[in-house]
Amino acid sequence: MTAPAYSKKDFMSDQLIRWCPGCGDYSILSQVQTVFSKLGIRKEKYVVVSGIGCSSRFPYYMDTYGFHTIHGRAPAFATGVKCTNPDLSVWVVTGDGDSLSIGGNHMAHVLRRNVDLNILLFNNRIYGLTKGQYSPTSEVGKVTKSTPMGSLDRPMNPVSFALGSGATCVMRSIDILAPHLRSTIEAAQEHKGATFVEIYQNCNIFNDGAFASFTDKAQRDDRLLFLEHGKPMVWGKTFRKGLQLQGLELVIVDCETAEDEAACLAHDQTSLALAHLLAGLDPDQGFPVPLGTLYKIDAPSYETQFKKQAEASVAKLGAGDLTALLHSGDTWTV
């Protein structure tokens, strides 16, 4: 059935949005509502699932079906939803604390199984809902209420984690780059399989300016690398910097001429090795921050294979009788 013509307003709920003024979550919410209205999917086919954290209030603010679940377990609930009804467009909204600490195990397995979910991970490098403790993505030395002498933990890299877990589509965007974020969310829906989208999101109360070194307007053009499949990886206000592969490492080279640019490494989103190299680039060492699709391949999705197994089982054994099953074997009366 063809979806009616929606507007962004059709996906705005009547709930009062309870995020701090200036929070990056507002931007992400706005872009998701805009994209949902344009994907050509009927409204009742959307399901938004979240865990615990500021980001996890998301389902309340979307006029769609949704579940606000428990800490770190959103991937498990979402897997159940998708396997039960594969026709649904299921979105998991989570944060760096929710999905990479207590939820790390669930996130790893939903990615390796390649369940057709669209996972939006809001990374602000802090625990915001519980008022400013360090999170799995906080930098070494981070002084917070729970680390008054500075964090000793090495931070997790969300996209490296996703790649290592076997994700078939890994992307990255930033809350303040509205057009790029919209196109990234649209591309997430197009992929058949587990799509992992890291979104750098500013917490202006407990970790303001966490990404200022590459998001401030004055220097953004010289710090961000927008990836395009098959195109040379160059960046800068005049595209005078590029990446080349020397040995097993990416290095920065100057691009003074068209020939120099052509000599730069072209992005190949099907290369897992290249995706790992891009994920590991350190902005503190002068490297750019890659945005867009780092990695994308086609692979069978879990719920599709699950459905085939279930249908084969029914064809062989029959539909079954749940009441008869519950009363078979050993039973007792209380």
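Predicted model: local features only at pLDDT ≥ 70, side-chain atom pairs only at ≥ 80, totals over all residues.
Residues are numbered from 1 along each chain as its sequence is written, and side-chain values use heavy atoms, with hydrogens and water left out.

Lys131 has a positive phi of about 80° although it is not a glycine. Most residues other than glycine have a negative phi. With a relative accessibility of 43%, Lys131 counts as partly exposed; buried means under 20% relative accessible area, exposed over 50%, and partly exposed in between (1.4 Å probe, protein chains only). Arg125 lies in the loop between β4 (118–123) and α6 (158–164). Its phi is positive too, near 60°, and Arg125 is partly exposed, with a relative accessible area of 22%.

Arg125 also leads us to the largest pocket. Along with Leu281, Asp282, Pro283 and Asp284, Arg125 lies nearest the centre of this pocket, which is lined by 24 residues. A pocket here is found on a 1 Å grid over the protein atoms alone, as an open set of points where a 1.4 Å probe fits, with protein on both sides within 12 Å along at least five of seven lines; lining residues have an atom within 4 Å of a point. The elements that give two or more residues to the lining are β6 (195–200), α8 (212–215) and β11. The volume of the largest pocket is about 570 Å³, counted as the space filled by probe spheres set on the points, with grid points joined across faces, edges and corners.

Strand β11 (residues 289–296) is mostly covered, with seven of its eight residues buried. With strand β5 (residues 169–174), β11 pairs in the antiparallel sense over four bridges, and here Arg172 stands opposite Gly292. Strand β7 (residues 224–226) runs parallel to β11, joined by three bridges. Along this pairing, Leu224 stands opposite Val289, and Leu225 has Pro290 as its bridge partner.

A further open sheet has three strands in the order β8-β9-β10, with antiparallel pairing. Its edge strands are β8 (234–235) and β10 (249–254). Two bridges link β8 to strand β9 (residues 241–246), where Val234 stands opposite Gly242.

Finally, a look at the cysteines. A disulfide is a pair of cysteine sulfur atoms within 2.5 Å, and by this rule the count comes to zero disulfides. Cys203 is buried, with a relative accessible area of 10%. Cys264 is in no disulfide either, the nearest cysteine sulfur, that of Cys255, being 3.3 Å away. Cys264 is buried as well, with a relative accessible area of 6%.

How values were computed
Pairing = 2+ DSSP bridges.
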